[in-house]
Amino acid sequence: MIRNDGAKTPAIDTKKPAWLVQRFRGGDAFNGMVDLLTDLGLNTVCQSASCPNIGECFNAGTATFLILGGLCTRNCRFCAVPKGQPSSPDPDEPGKVAQAARVAGIRHAVVTSVTRDDLDDGGADQFVRCIQRLRETVPETSVEVLTPDFRGDRKALRAVLAAGLDVFNHNVETVPRLYPLVRPGADYHRSLRMLREAARRIRVVKSGIMVGMGEDEKEVRGVFRDLVAAGVAVLTIGQYLRPSPGQMEVVEYVHPERFRSYGEMALAAGFKSVAAGPLVRSSYHAERLFGNGIPCPIPPADAR
């Protein structure tokens, strides 16, 4: 096997370790969420990205809305979201998102999107309209957005930051050395500039990283330092899981104890709130991490 950085390394056992095995949980609440999303024609990253926590979240009445269609214009090698040429943004999508949040009783709405490099503003206007409709329809609901990089367009970013959101999230995903392989259309320093700009304007700024791609601890520490220096308050750390044979291989299944160590390391680096665990994802317990408006430390998430 060739490692993701080009070096040779023994192939890992492709069978997932016990701490990554999660029993699927369906039921009436799960089916009700699926039916609601289907009826409204909405996408979620829970479904499109094959999130391992979908059963837990749908049963709890939460979902992460995936706007701007179901096709992404980039070819990140870790992501299961389908790639292709998307259609024009749905003008009714913001209203549908707000309706779903109202019907489901969502208290903390998370809105993310596919990357839309085909649009002049990268899809920023659709984010703005979603935030505005959520504010109008469910004013008691806090709003978090997880955005792409808008190709570094500061005007687009500032429009989103001025729309009235509570949490701004943009994931760096991996360490700088692995960007050409993992995120060939992205730029680590561009992402840091976005987060720094957001921290000047938004109280809670959040980011996330995946491990198990071939990074080492020194590189992870470096990312922690960079994110804290940029003003990021909330961090998620999770295990990269290969969603299909079409994506890059997993280099390492990181042990839960190392996740605990990473979580403690991140809090010591200066983050106010951290979730670290094999099954942690960007929107994992997002409301709890937000802490009703005040970032609050929580212990690293145990493997389940």
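Predicted model: local features only at pLDDT ≥ 70, side-chain atom pairs only at ≥ 80, totals over all residues.
Visitor: Which residues do ring pairs link into a cluster?
Guide: Phe-224, Tyr-262 and Phe-271 are the ones in that cluster. Rings of Phe, Tyr and Trp (its six-membered ring) pair if their centres lie within 6.5 Å, with planes under 30 degrees apart called stacked, over 60 edge-to-face and the rest tilted. Residues are numbered from 1 along each chain as its sequence is written, and side-chain values use heavy atoms, leaving out hydrogens and water.

Visitor: How many aromatic pairs are there?
Guide: The count comes to four aromatic pairs. One of them is Phe-127 with Phe-150, which is edge-to-face, at 6.1 Å centre to centre and 85° between the planes.

Visitor: And where in the chain do those two sit?
Guide: Phe-127 is in helix α5, and Phe-150 is in the loop between β4 and α6 (154–161), 23 residues apart. Helices (H or I, at least four residues) and strands (E, at least two) are DSSP runs, numbered from the N terminus.

Visitor: Is Phe-127 buried or exposed?
Guide: Phe-127 is buried, at 0% relative accessible area. Buried means under 20%, exposed over 50% and partly exposed in between, using a 1.4 Å probe and protein chains only. Phe-150 is buried too, at 4%.

Visitor: Back to Phe-224 and Phe-271: why is that pair edge-to-face?
Guide: Because their planes stand at 85°, with the ring centres 6.0 Å apart. Phe-224 lies in helix α9 and Phe-271 in the loop between α10 (256–269) and β8, so the pair ties together parts 47 residues apart in sequence. Phe-224 is buried at 1%, and Phe-271 is buried at 4%.

Visitor: New topic! What do the eight strands form?
Guide: An open sheet with mixed pairing, in the order β1-β2-β3-β4-β5-β6-β7-β8. Strands pair if DSSP finds at least two bridges between them. The edges are β1 (43–44) and β8 (273–276), each with a single partner strand, so one side of each has no neighbour in the sheet.

Visitor: How many bridges join β6 to β7?
Guide: Six, between residues 204–211 of β6 and 234–239 of β7, and these strands run parallel. Gly-208, for instance, has Thr-236 in β7 as its bridge partner.
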